[in-house]
Amino acid sequence: MAPRLASEKRPVKKAAKSTAPSRHLLTSAELPKVWVEALFDEARRFKTAEKAGHPWSEDLKGQHVGLLFFEPSTRTRASFHIAAKRLGADPVTVEIAFSSVQKGESLEDTVMTMEAMGCHFLIIRHGEALSGQRAARVAKKAHIINAGDGSHEHPTQALLDTFTVLERRGSLAGGTVLFLGDILFSRVARSNIELLKTLGVKNVIVSGPPSLMPSEEELESWGISYVPELNKALAQADVVHVLRVQLERHGQKMPMTPGSYREAWGLTEERLVKFCKKDVLIFHPGPMNVGVEIDREVADGPHSCVLDQVANGVFIRMAILKRLHQAC
Ligand code: NCD
């Protein structure tokens, strides 16, 4: 197993689940099933309204939604921005590269500053695990939403992924979900696995290079198994979540070259045709290393749900903003 980075404080122990709606959305692990189901209903309503030509609402009129992205983002940041606008709120983006963070201002001071200016929501992406919890400790009234904290969690991505899986398949009862690739550093895998557990999905497996797998302790805590032979893992899967190789988190050179990674672990067209089920669904949270963990033909092919994930991200994030606003 690969050693954990010293800077990674990834907690294996989970927060206790309650059924009461929380003011914040920090982890998938703490989301109650009823909350998730109600959220999906709300997202479906927003999607139906958009199809009917009524995409705008005033549910969040007068609210300010601060976007604090300490790490790069295209989908998450833009979809929260669009979601806020569609609800009648005002998105406020702080360009971290040109902000006082560059003068050494702490996350806590940035959060308190934005709240003092009237932000009702703070959407935070940060390189350190548990940064959302740090923000939540100092926020007096604002809702904190974790948009990715290090290799720890990315709950809104997991919600949009699972929403899209259910939209495409109807149900996951009896189905097998495979997470393929760099699981060790993937907040997307972690949040999805926690969410699937909450929703009662039994058959979840992981596959990928042994050096990019979490500890046995962590796999055990999720109740999932590692399938080291890629062809066997693909053959079982109804849904495959291909994960980006998180080069920026490896802290050392990637254990393989891009070419040798593709050769050993890439979801190529050939592997798709040869090993996967005929109706398999392929997911990738983006951004994709095309030609490394996934081939162009697969990403753009008939099994791919990649753009459905992106499109649904807006409805899920609208639903999250609305429900947190209603909760307290
Ligand atoms: C993911 C992220 O940032 O964790 N991207 C996203 O939010 N769509 C996945 C990744 O960067 O690999």
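This is a predicted model: local features need pLDDT of at least 70, side-chain atom pairs count only at pLDDT 80 or more; totals for chains, interfaces and linings use all residues.
## Buried, exposed or in between

A residue is called buried when its relative accessible area is under 20%, exposed when the value is over 50%, and partly exposed in between. Take Ile82. Its relative accessibility is 37%, so Ile82 counts as partly exposed. Ile82 sits in helix 2, which covers residues 75–86.

Arg75 belongs to helix 2 as well. Arg75 has a relative accessibility of 31%, so it is also partly exposed. Now compare Lys47, a residue of helix 1. Lys47 has a relative accessible area of 16%; because buried means under 20%, Lys47 is buried.

Ile82 and Phe315 are 233 residues apart in sequence. In space, their C-alpha atoms are 9.6 Å apart. Arg75 and Gln309 are 234 residues apart in sequence, with 9.9 Å from C-alpha to C-alpha.

## The largest pocket

Rolling a probe the size of a water molecule over the atoms shows where empty space is left. The largest pocket holds about 400 Å³ of space. Helix 2 and helix 6 (187–198) are the elements that give two or more residues to its lining.

In total, 20 residues line the largest pocket. Those nearest its centre are Arg125, Arg187, Arg244, Gly286 and Pro287. Sorted by class, the lining has 8 polar, 7 charged and 5 nonpolar residues.

## Around the ligand

Which residues surround the ligand? They are Arg75, Thr76, Arg125, His154, Gln157, Arg187, Val188, Arg244, Gln246, Pro285, Gly286 and Pro287.

Some contacts can be given atom by atom. A polar side-chain atom of Arg244 lies 2.8 Å from an oxygen atom of the ligand. Gly286 uses its backbone: a polar atom there is 2.8 Å from a nitrogen atom of the ligand. In the side chain of Gln157, an N or O atom is 3.3 Å from a ligand nitrogen. Taken alone, the ligand exposes 310 Å², and the protein buries 94% of that.

## The second largest pocket

How much space lies in the second largest pocket? About 260 Å³. It is lined by 17 residues, and Leu166, Ser171, Leu172, Leu199 and Val201 are the closest to its centre.

Helix 1 (33–51) and helix 5 (155–169) each supply at least two lining residues. Helix 1 gives the most, with 4 residues. By class, this lining has 7 nonpolar, 6 polar and 4 charged residues.

## Two backbone details

Gly286 and Pro287 are joined by a cis peptide bond, with omega about -5°. Pro287 lies in the loop between strand 9 (281–283) and helix 11 (296–299).

Leu130 is in the loop between strand 3 (121–126) and helix 4 (131–138). Is Leu130 buried, exposed or partly exposed? Its relative accessibility is 29%, so Leu130 counts as partly exposed.

Conventions:
Residues are numbered from 1 along each chain as its sequence is written. Side-chain values use heavy atoms; hydrogens and water are left out. Buried means under 20% relative accessible area, exposed over 50%, partly exposed in between (1.4 Å probe, protein chains only). On a 1 Å grid over the protein atoms alone, a cavity is a set of points where a 1.4 Å probe fits but cannot get out, and a pocket is an open set with protein on both sides within 12 Å along at least five of seven lines; lining residues have an atom within 4 Å of a point. Grid points are joined across faces, edges and corners, and a volume is the space filled by probe spheres set on the points. Ala, Val, Leu, Ile, Met, Phe, Trp, Tyr, Cys and Pro count as nonpolar, Asp, Glu, Lys and Arg as charged, and the others, Gly among them, as polar. A residue is near a molecule or strand if one of its heavy atoms lies within 4 Å of it. A polar contact is a pair of N or O atoms within 3.5 Å; within protein, one must be able to donate a hydrogen and the other to accept it, and residues adjacent in sequence count only if both atoms are side-chain atoms. Accessible areas come from the Shrake-Rupley method with a 1.4 Å probe; for residues, only the protein chains shown count as cover.
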